[in-house]
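Please look over the sequence and the structure before reading on.

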Amino acid sequence: MATDPGPVRTVLQLVGSPVDEFFAELSRLYARASIEALADSPRYRMHVAYVAPGGCWSFPADLAPCSLAAASPMSLPQAISHIERLSPDVMVPQMFCRPGMTVYRSLFDTLGVPYLGSSGDVMAVGADKAKARAIVAAAGVRVPAGRVVRDRTRTDLSYPVVVKPVSSDNSVGVTLVTCDDDYERAVDDALAHDDAALVETFVPLGREVRCGILVRDGELIGLPLEEYAVDAAAKPIRTREDKLDRDGDGELQLMAKSAERAWIVPTDDPVTQRVWAAARRCHRALGCRDYSLFDFRIDPSGEPWFLEAGLYCSFAPSSVVATMASAAGVDLGRLFEESLAELAGR
């Protein structure tokens with residue numbers, strides 16, 4: 001007798017970016033992998049909502065360039081009507097720009113369409129490094145000493161310091177500064193990407209890890225950590241080139257997925273329990289839902305220091321939460337199905 005696969009769910013993947021082509025391309029990269037990984041399941045009826053730079057909507061058959069070009073452009077009111085006709089059971093957010101993380105998620109709250117992950121309000125706080133660090137520090141998580149600057153004003157922090165835009169991802173505009181001579185240039189670089197820069201005391205190596213949290217029946221489950229290649233002399237901080245780059249054909253690719261740059265930490269490593277405890281505090285303090293991701297610097301004594309929150313999961317095989325879950329024995333299909341069940345429960 002055939003096993004009943006359960007109800008078929010209409011899944012809407014929200015892809016693209018109204019901001020620029022870089023964010024739209026990054027979104028397509030993850031969303032395409034998610035759709036390919038999940039589309040063969042008889043349990044899901046997959047649809048795509050695409051927001052192009054400038055804000056025009058469309059609903060292509062898939063994310064192939066020819067499909068994107070052939071899809072009819074729609075205004076926001078037209079797109080809302082189309083979404084209401086589709087009546088999706090769930091939306092999977094695949095947008096990484098600030099409006100995509102915040103305003104577009106809130107739109108789906110207004111439409112009454114549930115989605116996986118944290119609310120737009122929580123995403124806005126998580127994306128603001130200064131606000132996020134203040135909140136998790138109040139919850140008892142270690143954070144480096146830091147100051148927010150909006151010009152070249154010197155801080156009272158001793159060198160070395162790390163200067164970064166308050167609200168950028170993928171290490172854009174991040175510089176390690178060891179003396180006065182380099183400070184102004186580092187601040188200028190950070191402010192080229194944001195209207196404020198965060199100056200933080202450099203936490204000596206150590207190690208650098210990322211921790212994923214899954215919510216299951218109200219319990220916060222720590223996933224195996226992912227560790228990143230850093231070196232006190234040769235690579236004291238991770239840069240943009242460690243995360244994203246382009247191949248010989250000019251296509252965007254994820255650099256952190258190579259075994260030389262990142263690897264899974266055995267769960268019996270002494271640092272794991274310490275990082276899990278800190279990550280659970282971060283998750284609760286920020287008000288995250290369903291899942292969360294946090295970067296930590298591990299100092300030479302083995303203590304974790306919060307660096308930033310990255311509250312994403314694209315449900316693609318290459319996404320960090322999926323990679324960590326796989327290391328814990330949870331394949332992508334099960335991860336997605338359990339996440340849908342958790343969504344239904346809340």
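## Secondary structure and basis

The protein has 11 helices and 16 strands; these are DSSP runs, with helices being H or I of at least four residues and strands E of at least two, numbered from the N terminus. The model is predicted, so local features need pLDDT of at least 70 and side-chain atom pairs pLDDT 80 or more, while totals for chains, interfaces and linings use all residues. Residues are numbered from 1 along each chain as its sequence is written, and side-chain values use heavy atoms, without hydrogens and water.

## Overall form

The C-alpha trace spans about 65 × 45 × 40 Å along its principal axes. The radius of gyration is 20 Å, which agrees with the value near 20 Å for a compact globule of 346 residues; it is taken over C-alpha atoms, and the globule rule is 2.2 Å times the number of residues to the power 0.38.

Of the 346 residues, 51% are buried, where buried means under 20% relative accessible area with a 1.4 Å probe, counting protein chains only. Contact means heavy atoms within 4.5 Å. Among contacts between residues at least 6 apart in sequence, 67% join residues at least 24 apart.

## Nonpolar cores

In soluble globular proteins, nonpolar side chains tend to be buried together. A nonpolar core here is a set of buried Ala, Val, Leu, Ile, Met, Phe, Trp, Tyr and Cys residues joined through side-chain atoms within 4.5 Å. The largest core has 34 residues, and L63, L116, F315, L335 and F336 touch the most other members. Elements that each supply at least two residues of this core include β1 (9–16), α1 (21–38), α10 (320–327) and α11 (332–345). Another core, of 33 residues, lies apart from it, with M101, V209, F306 and Y312 among them.

Leaving out residues up to four places away in sequence, L63 touches V15, R28, A31, R32, I35, V48, Y50 and L68.

## Helix α10

The buried residues of α10 are V320, V321, A322, M324 and A325. They pack against β9 (207–216), β11 (226–228), β14 (262–264), β15 and α11. After α10 comes G329, with a positive phi near 90°.

## Residue S67

S67 is in helix α2, which covers residues 65–70. Is S67 buried or exposed? S67 counts as buried because its relative accessible area is 13%. Apart from neighbours within four places in sequence, S67 is in contact with P60, A61 and D62.

Methods: Buried < 20%, exposed > 50% of the residue type's maximum accessible area, 1.4 Å probe, protein only.
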